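Subject: Structure handover

Hi,

Here is the structure I promised to pass on to you. Have a look at it first, and then read on for my notes.

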Amino acid sequence: MATLGKIRSKGPLIVIVVGAALLAFIAGDAFNGMSAVNRSAEVGEIYGEKLSALEYQQMVEEYTDVIEFTQGTNLTDEQATLLRDQVWQNYVNNQIVAHEAERLGLTVSDAELQSILTEGTHPILRQTPFINEKTGLFDKDALQKFLTEYEKLDRNQIPAEYQEQYDRLYNYWMHQERTLRQSRLAEKYQQLISGSVLSNKLELEANFANRSNTADFQIAAIPYSTLPD
């Protein structure tokens, strides 16, 4: 009983001590968490250009919204994991092409992009909602109509859900337009590289000989069980 009385008499002090210990523990975890965030602030570096975790996460969220907008459904956990890998691979590929294209002086001008939109046959354009119902092809006029409406959008006059739909479609198109420009730059780079690969006379003769020279032969098989020990 005396012991209990001493514990009770020191109850407030014990509460203070325990509280201080818990606070120190929580603060320590928070500090460690902040240190971990700082250590992971950069997810990669290509040609001296660093990609921060925040920038990478923004790209993942943007691509996720594009895919979910296209499919009309949310991604599963497995799909989300694959998407994160795809975002990183796309980033690496685009950085490599952009680096090499800059060295070669290759660019995709706004006029060239507009020409692609006018032609309307690029595979990326066929995946957009701006399709002419009669022809089944990309409709540049439908795209321009939407962009004009979005620019003049009065957000005080339309419900929030419609604003969200406009924003998602606009962000979707901005992503597709950027992808279209990157895709065209990669095509120009590949065309330049393939056009610069030449074959010499010896290589041509060797390839012709490999295709022309033939041989007939027969194979006789003997079962292993018929052989003596």
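How much accessible surface does the protein chain have, and what percentage of it belongs to carbon and sulfur atoms? The accessible surface comes to about 17600 Å², and 56% of that belongs to carbon and sulfur atoms. Please keep in mind that this is a predicted model.

First, the overall layout. The protein chain has 8 helices and 2 strands, and along the sequence they follow the pattern α-α-β-β-α-α-α-α-α-α. Of the 229 residues, 21% are buried. Taking the contacts between residues at least 6 apart in sequence, 61% join residues at least 24 apart.

The largest nonpolar core has 26 residues, and the members that touch the most others are Leu117, Leu125, Phe130, Phe138, Trp173 and Leu180. Helices α3 (53-71), α4, α5 (110-119), α6 (140-151) and α7 each supply at least two residues of this core. Another core, of 6 residues, lies apart from it and includes Val97, Leu106, Leu185 and Ala186.

Next, the charged pairs. A search of the whole structure finds 9 salt bridges. Glu62 pairs with Arg178, with the closest N and O atoms 2.2 Å apart. Since Glu62 lies in helix α3 and Arg178 in helix α7, this pair ties together parts that are 116 residues apart in sequence. Both partners are partly exposed, Glu62 at 30% relative accessibility and Arg178 at 38%.

Within helix α4, Glu100 and Arg103 sit 3 residues apart, about one turn of the helix, and their side chains meet in a salt bridge (3.4 Å, N to O). Glu100 counts as buried at 18% relative accessibility, whereas Arg103 counts as exposed at 62%.

Lys188 and Glu112 form a further salt bridge (3.3 Å, N to O). Lys188 belongs to helix α7 and Glu112 to helix α5, so the pair ties together parts that are 76 residues apart in sequence. Salt bridges with shared partners also join Glu112, Arg184, Glu187 and Lys188 into one network.

The strands deserve a look too. Tyr47 is in the loop between β1 (42-46) and β2 (49-52). Its phi is near 55 degrees, a positive value in a residue other than glycine; most residues other than glycine have a negative phi. Tyr47 is partly exposed, at 46% relative accessibility. Gln95, from helix α4 (residues 77-104), is in contact with Ile46, Tyr47 and Glu49, leaving aside its neighbours within four places in sequence. The side chain of Gln95 also makes a polar contact with the side chain of Glu49 (3.3 Å). With a relative accessible area of 18%, Gln95 is buried.

Leu104, Leu192 and Ile193 form a nonpolar surface patch with about 240 Å² of accessible area together. Leu192 is in helix α7 (residues 160-195) and is partly exposed, with a relative accessible area of 39%. Asn74 is in the loop between α3 and α4 and is exposed, at 62%. Leaving aside neighbours within four places in sequence, Asn74 is in contact with Glu68 and Gln79.

Key
Residues numbered from 1 in each chain as written. Predicted model: local features only at pLDDT ≥ 70, side-chain atom pairs only at ≥ 80, totals over all residues. Heavy atoms only, no water. Patch = residues over 30% accessible without salt bridge, like charges linked within 9 Å, V, L, I, M, F, W, Y side chains within 5 Å. Areas by Shrake-Rupley, 256 points an atom, 1.4 Å probe, with all protein chains shown as cover. Salt bridge = Lys/Arg side-chain N within 4 Å of Asp/Glu carboxyl O. Helix = DSSP H or I, 4+ residues; strand = E, 2+ residues; numbered from the N terminus. Buried < 20%, exposed > 50% of the residue type's maximum accessible area, 1.4 Å probe, protein only. Contact = heavy atoms within 4.5 Å. Polar contact = N/O pair within 3.5 Å; in protein donor to acceptor, adjacent residues only side chain to side chain. Core = buried A, V, L, I, M, F, W, Y, C linked by side-chain atoms within 4.5 Å.
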